[in-house]
Each structure stands twice: as C-alpha cells, then as structure tokens.
Amino acid sequence: MTSNRGAAVVIVGGGVSGLSAAWWLARSGYDVLVLDKGIVGWEASGRNGGGATHYQSPLFHEEQRLWPQMDALLGYPTEYRRERIIINLTPAQQARTRHMATVCRDLGYPSVELDNGQLRTLVPLAGDDALGATHFQFGGHANPQRTVQAYAWALQDHGGRVMQHCPVTGFVTAGGRVTAVETRAGRYGCDALVIAAGPQTGVLLRQLGITLPLAAARAEMIVTEPLPLMQHGGVDGNGLYGRQTLRGNLAYGGGPHEWLDENDGTEIARPSTPLLGSLSRRLAALFPKAAHARVIRSWAGIIENTPDGRPVIDRLGDPDNVVVCTMSSVGFGLSPATGHAIHDLVLDGTCSFANIDKLSLRRFDGLPADWRQRRGWVPPLAVADPVGSAVDRR
Ligand SMILES: Cc1cc2nc3c(=O)[nH]c(=O)nc-3n(C[C@H](O)[C@H](O)[C@H](O)COP(=O)(O)OP(=O)(O)OC[C@H]3O[C@@H](n4cnc5c(N)ncnc54)[C@H](O)[C@@H]3O)c2cc1C
C-alpha cells in the first residue's frame, strides 16, 4: 500500500461497471474503494432502458448465465425478468428481428415466431396491424435504479467502500505503475486502479498519456402513466428499447440521439421536446392500445460510443496496474459479466471465462485523429441512432 488512505484496488466511477467490478473484488476478499464524482448510478447507469440481451458481445454467455442469479448473489432485488418479445411493424424490422433470431439460435439461444393472434394474447397493448413478433426465450431486463443500489449495498456488505462527491482529478505514477489518485479530498493510494468513468474515461486516460476514442451522445427516455401489467414486461421494437415497470409504466428510449462534445459529458443531461415527441409517437405505434396513456416523466442520459460500438475492457501495458472500462451503450445489461471480467483482469491480467481480445484498446491503434468528423459524429447535428443496427442495446 502506498497510502494508508487508499485501498488495494481503487475504482474511479460508481456506475454499474465500476460497482459490479468492486462487488466482484470485494466478495473475493479484496480491499476496494469506489470514488465517484457525484452519486453512484446518477449517470447512464441509473437512466437506461434496463435491457440485458447483448448477443453480439463476447460477454453474452456470461451475461445470460449471471442475470437469473443476480438477486440471490447480490442479496438485493434488481427486478430482473427473463425473456423478451420484439414486435415488427415493417418488413425491414421483421427481417432484422429474424436475423437476430438466427444468430442467437446459432449461439444456442432459442426463440419462436408469434403470429398476430399469439402476439396480442401475450402483449395485449400491441396493435392489430403488427407483422407478428419474435419471442426470445432468454435475455431480459432489470430495473436500473434497483440494480445500482443492489451492487452498492452488496459490495459494502463485503467490506468495500464507496466515496461519493469525490472527483478524481489526476494520477500519481512511479515505476510504470499508478500508485495513487488525486482528488479534491486528497490523495488515495492504490495497488491497482480501475478507470470505469463512462463518457469521461477518455478524458481521464489522457492524463496518463493514453488515447481512448469516445464520442458522447445524449439519449432520452419517457415514462407513461401505469397501465395494466402484461405477462411480459420486456417488449420492444420500432427502434425502441425499454420495459414495463412492475408498477405498469411503459419506460422507453431509442435513437435518434444527439452528439455532444466529449467534455459535455460532465453536464447534467436534460430531455428535449423534439426527441421526446419522436419517442412518444413511436411508442404509440408500437402499443396502439396504450396510445391514450400520458407521458408523466422523461429524462436524458449520456451514452459513451467507441468508433466500432463495442466496449473497451482492457488492462493497460504501461502503466501496468490499470484496467480501463467504457461500455459503448451496452453497459447495463453486460454489467454482471463486465465486473467479472474486470475482477479477472485486475487479479490475473486475463479474463477467465471469455476471449475479450475484441474489447482491447489496441484495436484503435492507427485510428485517424479526425475519426469523429469522418463519421459525422459531431455536435450540434442530431443524427440517427449513433450505433445504428450494428449494436443491439437491449
Ligand atoms: C437513455 C439510455 C438508455 C440506455 N439503455 C440501455 C439498455 O437498455 N441496456 C444496456 O445495456 N445499456 C443501456 N444504456 C447504456 C448504459 O446505461 C451504459 O453503457 C452504462 O450505464 C455504462 O455504465 P458505466 O458504469 O460504464 O458508466 P456510467 O454509468 O457513465 O458511470 C460512470 C461513473 O463515473 C463517474 N465519474 C466520471 N468522471 C469521474 C471522475 N473524474 N472522478 C470520479 N468519478 C467519475 C460518473 O459520475 C459516473 O457515476 C443506455 C444508456 C442511456 C443513456
């Protein structure tokens, strides 16, 4: 230990990634300290759609293995519910959903196609004109706020510590390692460091001389008044992701998103009327029998996008005791698996349960400096969903 105020592992960022990693490490007996500039889960981790069906990720199998056990493992409820139904309103949507079903079936995850009659039995809010749906018998969704609480309480049950309102402002390095982090409250020593600061991860890494390409985008969610509970809370489609809450509200989001300057990630995100209007219209088309429901709440959150839409979860070579994590829009659902991967990278330098080479930072070596401009991922233009169909945020 380099400072008696520190911990064996200091984690910068108390979103789901940092909290899950801290929980995994604390339950393995390690002394962990999470530092957050604000309140845990106040950023994207507490504001998202709650989807957990990331079949394109190398962490998918672990995501699917862990979620059904998370309430028992954490000792607190996440409101996880298994399965997902995707409704198709157009032939193009139907083709995409069928493609997803084929890919998932090849991975060993079953689904069945529903005709309109079967759909309306399972999803009474669906309309008469839908082109059927696919019922995925895996995946699912959870309550983001509950999940953040569950991680934070569970890691503290194992002796881990959380300090809120404690922005990390710099790093102390010696002998090719980070030995401490600087905060307004002073210096905290560490043997190992995890940087899981969402859209701010790149800004922090720059202080270590490391480039992590990230583009921040503002996304929004709307919540309707409560409606009768459906058998399946995890129903989406029409470019929307979300769920019906246990109280009956429909909580939904989905592009278009709005590109931000990377430094805007420090601002509190607020909803805008045009994006909310687009969400409301598409939600009414997805659930015509809920078109009368009033929108009672909305919020915005900031999504961290890498150039290829995949997360970065990697242990750096120099300094060699730093693990970096930023999730590129799929971080909520993957969080149980992400925490496991970070735990392994901190302790052993390699992930024990999946090949995560695709998530290395090295893959962006040689990326041109103006990559955001080349993609058109720049403010102030409001453009289509930044990760498009390449990444499934469910
Ligand atoms: C509207 C919306 C809908 C989404 N829907 C889904 C979905 O359905 N499924 C899904 O899987 N994902 C979804 N996502 C994406 C998902 O929410 C994120 O990928 C995930 O929450 C990222 O978690 P994180 O812990 O890595 O980062 P964050 O949640 O961004 O947390 C980072 C933390 O780091 C802290 N921090 C930053 N800088 C510092 C510093 N200098 N010092 C100390 N602390 C610092 C911040 O305060 C923050 O608490 C959605 C996102 C949004 C915005």
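This is a predicted model: local features need pLDDT of at least 70, side-chain atom pairs count only at pLDDT 80 or more; totals for chains, interfaces and linings use all residues.
Mentor: Residues are numbered from 1 along each chain as its sequence is written, and side-chain values use heavy atoms, with hydrogens and water left out.

Trainee: Which residues have the most contacts inside the largest nonpolar core?

Mentor: A nonpolar core is a set of buried Ala, Val, Leu, Ile, Met, Phe, Trp, Tyr and Cys residues joined through side-chain atoms within 4.5 Å. Buried means under 20% relative accessible area, exposed over 50%, and partly exposed in between (1.4 Å probe, protein chains only). In the largest core, which has 47 residues, those with the most contacts are Ile11, Leu59 and Ile313.

Trainee: Are the rings of Trp23 and Tyr151 stacked, edge-to-face or tilted, and why?

Mentor: Rings of Phe, Tyr and Trp (its six-membered ring) pair if their centres lie within 6.5 Å; planes under 30 degrees apart count as stacked, over 60 as edge-to-face and the rest as tilted. Here the centres are 6.3 Å apart and the planes at 55°, so the pair of Trp23 and Tyr151 is tilted.

Trainee: Is Trp153 buried, exposed or partly exposed?

Mentor: Trp23 is buried at 0% relative accessibility, and Tyr151 is also buried at 0%. Trp153 has 41% relative accessibility, so Trp153 counts as partly exposed.

Trainee: Over the face of which residue does Arg47 lie?

Mentor: A charge sits over a ring if NZ of Lys or CZ of Arg is within 6 Å of the ring centre and within 35 degrees of the ring normal. At 5.1 Å from the ring centre, Arg47 lies over the face of Trp42.
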